[in-house]
Amino acid sequence: EVLNKIIDTKGSIRVFCRVRPFLLTERRPIKEPVSFGPDNVVVNCSGARKEFEFDRVFHQSATQEDVFGEVKPILRSALDGHNVCVLAYGQTGTGKTFTMDGTEEQPGLAPRAIEELFSEASLDHTHSVTFTMSMLEIYMGGLKDLLSARQSLRSYEASTKCNLNIQVDSKGSVEIEGLTEVEVTDFAKARWWYNKGRRVRSTSWTNVNEASSRSHCLTRITISRRGDAVGSKTEVSKLWMIDLGGSERLLKTGAIGRTLDEGRAINLSLSALGDVIAALRRRKGHVPYRNSKLTQILKDSLGTRSKVLMLVHISPRDEDVGETICSLSFTKRAR
Ligand code: ADP
Ligand code: MG
């Protein structure tokens, strides 16, 4: 039992929960539906009490610094040669983009992580470290290169034609054929490219919420680290930062036609992701990577040698309790 616990806490998959604060426009209910401990979340829903455990819980008052502080150690792993995956999961409007991108005044995980990588690399006097960056969007099973020069095209239809192929080499390393990879030599350049990718993503949609609820946005930083001694080998690792599509169940929202198809595509890939993580946590048996583009792309970064951090976002609102329970249950399986 104790041994199991040790193995478990040292496991490579960690699941955090973050609750968004009430917005100024929202009315706080007299009795809030969700309450928190340091590592658990309790939901009260029509008299029933459901409890969920996490590796760490971030309350309404948690700052971007607090969240980044918990993520920092795995950046070290990325620099040490491990593939790392940080994923923001949750219903639309619960703060995934706030956590990953943040705002000008309150920068999120991605800019902080990139800055940290540059600063750590500059302190390493025995290796030379270089970074490249790629960004892509997964929409209805198709991949869109967000840093390609051709992406000045406004129309989504035109750009999805350059559909990218996923390849796995003999060492098991996943590569996306034809995906633009830009070299980033300092933080300012990296941030410029990151903002460009985010902009390209949103211009092909009528609004940002639409884009983010129906597609996944993936940013990859590839780290090449070579010892300064003669004959040293280059070690390559990847850091993925992923703003997942909204996890809400569209059937209930009365979606029809294309919107319904888009919702189904997102729900299918999120459940494929849940299945992969659940299989990895069981540590044996078949891991079903093939069931979605998302899990195929992340195959070499969601494995036993990699570190995974899932950040589940939930809403504090009464009317979202159903979705909140779904989101919390998703990771109950993942843990
Ligand atoms: P999502 O990406 O999950 O759809 P957003 O990140 O767009 O959600 O968040 C929805 C709204 O809530 C935005 O206006 C955002 O600024 C705000 N918000 C989310 N999380 C926080 C937080 N921790 N603190 C302050 N505002 C937040
Ligand atoms: Mg978003």
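I note here that the model is predicted.

Next I looked up the geometry of this pair. H4 and helix H6, which spans residues 187-203, pack with their axes 10 Å apart and at an angle of about 150°. An angle over 145 degrees counts as roughly antiparallel, so I put H4 and H6 down as roughly antiparallel to each other.

Which residues of H4 meet H6? I listed Ala 110, Pro 111, Ile 114, Glu 115 and Phe 118 on the H4 side. From H6, the residues are Phe 187, Ala 190 and Tyr 194.

Helix H2 covers residues 64-79 and H4 covers residues 109-123; their axes come within 10 Å and cross at roughly 45°. That angle makes H2 oblique to H4. I recorded the crossing of H2 past H4 as right-handed.

For the contact itself, I listed Gln 64, Glu 65, Val 67, Phe 68, Val 71, Lys 72, Leu 75, Arg 76 and Leu 79 from H2. They meet Leu 109, Arg 112, Ala 113, Glu 116, Leu 117 and Glu 120 of H4. I sorted the contact of H2 with H4 into eight nonpolar, six charged and one polar.

Last, I looked at ligand 1. The residues around ligand 1 include Arg 18, Arg 20, Pro 21 and Leu 23. Also among them are Gln 91, Thr 92, Gly 93, Thr 94, Gly 95, Lys 96, Thr 97 and Phe 98.

Where does Gly 95 come up against an oxygen atom of ligand 1? I found a backbone N or O atom of Gly 95 at 3.0 Å from the oxygen atom. For Lys 96, a side-chain N or O atom is 2.9 Å from an oxygen atom of ligand 1. For Thr 97, I noted 2.8 Å between a side-chain N or O atom and an oxygen atom of ligand 1.

Conventions. Residues numbered from 1 in each chain as written. Chains lettered and ligands numbered in written order. Predicted model: local features only at pLDDT ≥ 70, side-chain atom pairs only at ≥ 80, totals over all residues. Heavy atoms only, no water. Axes fitted to C-alpha atoms, helices over the stretch in contact; angles between N-to-C directions. Helix = DSSP H or I, 4+ residues; strand = E, 2+ residues; numbered from the N terminus. Parallel < 35°, antiparallel > 145°, perpendicular 65-115°, else oblique. Left-handed = near helix turned anticlockwise from the far one by under 90°. Contact = heavy atoms within 4.5 Å. Nonpolar A, V, L, I, M, F, W, Y, C, P; charged D, E, K, R; others polar. Near = heavy atom within 4 Å. Polar contact = N/O pair within 3.5 Å; in protein donor to acceptor, adjacent residues only side chain to side chain.
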